[in-house]
Amino acid sequence: MSGSSSRAAARRIWGLLYRHLALYRRSWPRLLELAYWPVLQMCIWGFTASFLATRLGNAAAIAGATLLGGVLLWEVALRSQMGVAISFMEEMWSRNLGHLFVSPTRPWELVTALLLVSIVRMLGGVLPALLVAWLLYAYNLFALGPVVVLFFMNLMMFGWAVALGVVSLILRHGAGAEALAWSVLFGLTPFSAVFYPIAVLPHVLQPIALALPSAHVFEGMRGVVLQGAVRWDQLIAAFALNAVWMAGAATLFGRQFRQARLRGALLSIGE
Amino acid sequence: MNGIRVSHLTKRYDDTLAVDDISFTVPLGSTVGLLGGNGAGKTTTIGMLLGLLIPTAGTIEVLGHDMGRERFPALARMNFSSPYVSLPQRLSVAENLRVYGHLYDVPQLERRIAALASELELVDLLDRPAGKLSAGQKTRVALAKALINRPELLLLDEPTASLDPDTGDWVRTWLERYREESGCTILLASHNMAEVERLCSDVLMLKRGRIVDRGSPQDLLDRYGRDDMEEVFLDIARDRRQAIPA
């Protein structure tokens, strides 16, 4: 790619990002909605953990720390996934996709912009929850060490892969698939071993958990909390699985985008 | 070079033949009308010209670019306006134009927005949300978006649909002036026959996915022995009478 075409691509990505930033600048309910659920989750589980710690002592305090870490980190995956899927649907709801797809914007530029929007949305949701955890329960996720950044990266990538799958389904099935944007990752929560080890799951379900990058992240988090050691094997497994999930999601998106152009779905999507 | 060159273009959806082996050219600098009743294949044809739809067969060349292989360079040099595609309603007019200015990599964007706002009488609307505009104001904003990149080819899908006669006339006058000043090539899909007569140098009549007649509005009036294009349109749409052989 030449310098001028790279610059033009960067400008198109900025244009798409600007579109969403301008939307949030104009709408305080949208900003509030970003933080509402993560903060609410943190309040519910934080008070639960505090209650258990005061009644049951040190073991419950450690369990509470893994619980709060799980809640906060799972929000990273959830907000990343919703950030991509809902931002795509914002274009669909505003009947703007036709204009976007007849502009010189390449599909990869659109996807890159959606990922950047999702980072902004995820930070807008998770940072207030982190602050609440620190202020109300003196819980600091970053006390786990720099490895938290790697946990964040993996969960964001997993959220993005799932979101690209959701967007692909919306391209295939139209507005009828939009409920998946809110629900699909919740369905993977039991297999992601957010609050308990994979070993707790029945044997038949464990292969499903092992195929999810998120389950390895949470095993890694518990390793740090309970043993004070970074489980590099789990992190490597998470990154490797994420590479497979992202490649699969990108292939699916590319295929469904082409199918949408063959079927004429880009002319009518969202209607 | 032609603005558009279409060869044996066909689009089939399962058992339905939406566009059936059509060929036409739109010379640079001309304004050509694409006419036809509902389901005639206009939207499908425009969708293929814009790269939104992959043809089943045939080729499309836009401003010298093969749309099958290099659609993005062509898309950067063209633009599109339709009342059936919206701009984000909650963004202001200026923000919408800024977004599309970035997407089309427009140099000196703020100056371009100011110039378009002045030409299209949008200066007082720049800070208003796009969703709070009247139909006429929305049409002017859609035109500003379509002209943000100074397109060499403009595809207009019913640009004056749902406008009152005064606003519709304002838009048509503005388009005439813009075409003269810029030399822009325009493909216009419309159900407004007076608009077609006024703006188009040539007309393609589509029916059931095929081009059933073509020519200048005056040629068509002469051939069908009619006084206005509306009657020609009805003759073709209802198979009422055949063109008188020249």
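Biologist: Why does B:Asp66 count as partly exposed?

Modeller: In this predicted model, B:Asp66 has 13 C-beta neighbours inside 10 Å. Buried needs 20 or more, and exposed needs 12 or fewer. The value 13 falls in between, so B:Asp66 is partly exposed.

Biologist: Where does B:Asp66 lie in the secondary structure?

Modeller: B:Asp66 lies in strand β5 of chain B, residues 65-66. A strand needs at least two residues.

Biologist: Which residues does B:Asp66 contact, leaving aside neighbours within four places in sequence?

Modeller: B:Thr59 and B:Glu61. Contact means C-beta atoms within 7 Å.

Biologist: How far is B:Asp66 from B:Ser190?

Modeller: Their C-alpha atoms are separated by 26 Å. Along the chain, the two residues are 124 apart.

Biologist: Now chain A. What makes up its secondary structure?

Modeller: Chain A has 11 helices and zero strands.

Biologist: What makes chain A as compact as a globular protein of its length?

Modeller: Set the value against the rule. The radius of gyration of chain A is 20 Å. For 271 residues the globule rule gives 18 Å.

Biologist: How much of chain A is buried?

Modeller: Buried residues make up 44% of its 271 residues.

Biologist: Is the crossing of α1(A) and α5(A) left-handed or right-handed?

Modeller: The crossing is right-handed. Among the residues making the contact are A:Ala9, A:Ile13 and A:Leu16 of α1(A), and A:Ala113 and A:Leu116 of α5(A). The contact residues divide into eight nonpolar, two polar and two charged.

Biologist: How many residues of chain A are in contact with chain B?

Modeller: 27 residues of chain A are in contact with 27 residues of chain B. On the chain A side, α1, α4, α10 and α11 each supply at least two residues.

Biologist: Which helix gives the most to that side of chain A?

Modeller: α1(A), with nine residues. The residues of that side divide into 11 nonpolar, nine polar and seven charged.

Methods
Residues numbered from 1 in each chain as written. Chains lettered and ligands numbered in written order. Predicted model: local features only at pLDDT ≥ 70, side-chain atom pairs only at ≥ 80, totals over all residues. Left-handed = near helix turned anticlockwise from the far one by under 90°. Helix = DSSP H or I, 4+ residues; strand = E, 2+ residues; numbered from the N terminus. Contact = placed C-beta atoms within 7 Å. Nonpolar A, V, L, I, M, F, W, Y, C, P; charged D, E, K, R; others polar. Rg over C-alpha atoms; globule rule 2.2 N^0.38 Å.
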